[in-house]
Amino acid sequence: MSDSVLVLNAGSSSIKFGLFDIAPAEPKLQCRGLLDEQEKVPRIVMSDASGRQLFERRRPSGTSEDNGLFSDVFAWIEDYLAGGKLAAVGHRIVHGGRAFYRPVVITGQAIAALEALTPLAPLHQPRCLAPVRAVQSLRPQLTQIACFDTAFHHGLAPPASRFAIPRHFEERGIRRYGFHGLSFEYVASQLAAIAPQWADKRVVVAHLGNGASLCALQKGNSVDTTMGLTPLDGLVMGTRCGTIDPGVLLYLLQEERMSVDDVQHLLYEGSGLLGVSGLSADMRALLASQKPEAREAVDLFTFRVAAEVAVMANTLAGLDGLVFTGGIGEHAADIRQRVCDRLSWLGVSIDTAANAQGEQRIAAKGSPVDVLVIPTNEEVSIARHCRSLLRTGR
Ligand SMILES: Nc1ncnc2c1ncn2[C@@H]1O[C@H](COP(=O)(O)OP(=O)(O)O)[C@@H](O)[C@H]1O
Ligand SMILES: CC(=O)OP(=O)(O)O
Ligand SMILES: [Mg+2]
């Protein structure tokens with residue numbers, strides 16, 4: 001019987017599940033699941049690798065406590081494995097801070113240290129740690145492994161890693177960390193699989209989902225990214241403002257007399273596409289709307305993506321490739337077209353038909369910058385890390 005790992009990827013709008021066989025060198029997907037929080041009645045649906053639905057369970061209404069739900073999922077998985085061993089549960093943890101920059105086996109001490117990072121990712125850290133606790137209480141003997149969104153950016157160096165504030169703050173950990181690393185790492189591995197020469201190219205990866213950030217890749221490593229100390233920085237997101245004049249915060253606190261909690265809520269949960277459109281955080285709803293505010297929100301989104309691609313190209317001293325990924329990057333051809341139109345001055349030109357059909361390579365013939373769409377898979381990144389940690393201790 002071979003070993004399996006269950007991967008839990010808690011994002012800001014969903015929890016994605018993946019069960020992987022880790023006997024082969026490359027973990028093999030056995031089945032996957034989704035708990036979509038944007039649905040009216042959230043439910044877990046598990047399907048096999050080909051998409052055939054195998055299991056469905058609704059979250060009981062009026063609760064956000066998922067132990068009952070996870071208990072059902074575990075019972076189902078153990079039945080599904082029919083005697084095969086569940087070797088570990090691997091988790092996406094959004095913030096690793098200074099102490100966690102490679103995957104680790106989760107201990108009580110690690111949970112406390114990760115919980116202390118909640119102010120640096122208030123929307124995510126509690127959502128990532130809740131499943132860890134649920135598994136701990138349901139299956140206390142089961143190994144749990146934390147894989148960090150920040151780890152891929154661990155090598156970020158000055159000037160890209162630095163804020164222009166007095167240096168003693170950096171010594172206290174106030175620096176740019178970057179996020180979505182498990183996604184960027186997966187995309188980098190896919191690029192290397194498509195063609196080894198990608199390793200020598202200057203590439204910007206645009207992870208555009210409910211949260212969104214860019215990563216500048218050089219030799220497959222992150223050399224710059226748009227998120228900073230927190231996942232609030234950089235691009236306009238579903239409900240987050242992205243880069244903002246820090247004077248706005250001071251003004252809200254001092255002159256509008258908002259509380260710190262209210263400012264936090266405004267910037268993390270009431271801004272971005274939702275705040276500007278007054279309609280929705282969901283790009284699908286905005287693209288379908290005729291409201292001028294919805295159009296303006298979409299325009300601001302694409303304007304800022306293009307502007308930050310130029311910032312990343314500055315770090316890379318040029319641009320050879322642009323890759324779109326994440327829910328919006330993979331599915332919204334219209335957004336890709338608008339971003340690329342804004343970047344024509346940088347040599348970005350796409351084939352309208354290839355883009356509309358969602359092909360992998362969407363650059364126009366002769367475009368100096370290659371443009372690709374690569375569906376991300378953070379669950380595979382986590383499964384690879386779990387396999388490596390379980391087999392080699394690293
Ligand atoms: N066909 C589509 N067109 C435009 N946007 C889409 C489409 N499908 C998904 N999206 C967007 O992708 C977002 C979710 O992206 P995803 O990367 O799955 O999110 P998360 O950050 O929760 O992992 C949704 O909020 C929605 O705005
Ligand atoms: C870090 C982050 O923004 O994650 P998500 O896209 O899942 O919100
Ligand atoms: Mg995500």
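In what order do the eight strands of the open sheet stand? The legends below take this up first, and then move on to other close-ups of this predicted model.

**View 1. An open sheet of eight strands with mixed pairing.** Reading across the sheet, the order is β5-β4-β3-β2-β1-β6-β8-β7. At the edges you will find β5 (53-58) and β7 (104-105). Each of these has a single partner strand, so one side of each is left without a neighbour in the sheet.

**View 2. The antiparallel pair β2 and β3.** Here we zoom in on strand β2 (residues 14-21) beside strand β3 (residues 28-36), joined by eight bridges. To find your bearings, look for L19, which stands opposite C31 in β3.

**View 3. Strand β12 and its parallel partners, β9 and β13.** Strand β12 spans residues 321-325 and is mostly covered, with four of its five residues buried. Five bridges link β12 in the parallel sense to strand β9 (residues 203-208), and among the residues to look for here is H207, whose bridge partner in β12 is T325. Strand β13 (residues 370-373) also runs parallel to β12, through four bridges; F324 has V373 as its bridge partner in β13.

**View 4. The surroundings of ligand 2.** The shell is made up of G11, S12, V94, H124, D149, F179, H180, G209, N210, G211 and P231. Sorted by class, that gives three nonpolar, seven polar and one charged residues. Both domain 1 (3-148) and domain 2 (191-373) contribute, with at least three residues from each.

Key: Residues are numbered from 1 along each chain as its sequence is written. Chains are lettered from A and ligands numbered from 1 in the order in which they are written. This is a predicted model: local features need pLDDT of at least 70, side-chain atom pairs count only at pLDDT 80 or more; totals for chains, interfaces and linings use all residues. A residue is buried if 20 or more other C-beta atoms lie within 10 Å of its own, exposed if 12 or fewer, and partly exposed in between; C-beta atoms are placed from the backbone. Helices (H or I, at least four residues) and strands (E, at least two) are DSSP runs, numbered from the N terminus. Two strands pair if DSSP finds at least two bridges between them. A residue is near a molecule or strand if its C-beta atom, placed from the backbone, lies within 6 Å of it. Ala, Val, Leu, Ile, Met, Phe, Trp, Tyr, Cys and Pro count as nonpolar, Asp, Glu, Lys and Arg as charged, and the others, Gly among them, as polar. Domain bounds come from an automatic or database domain assignment.
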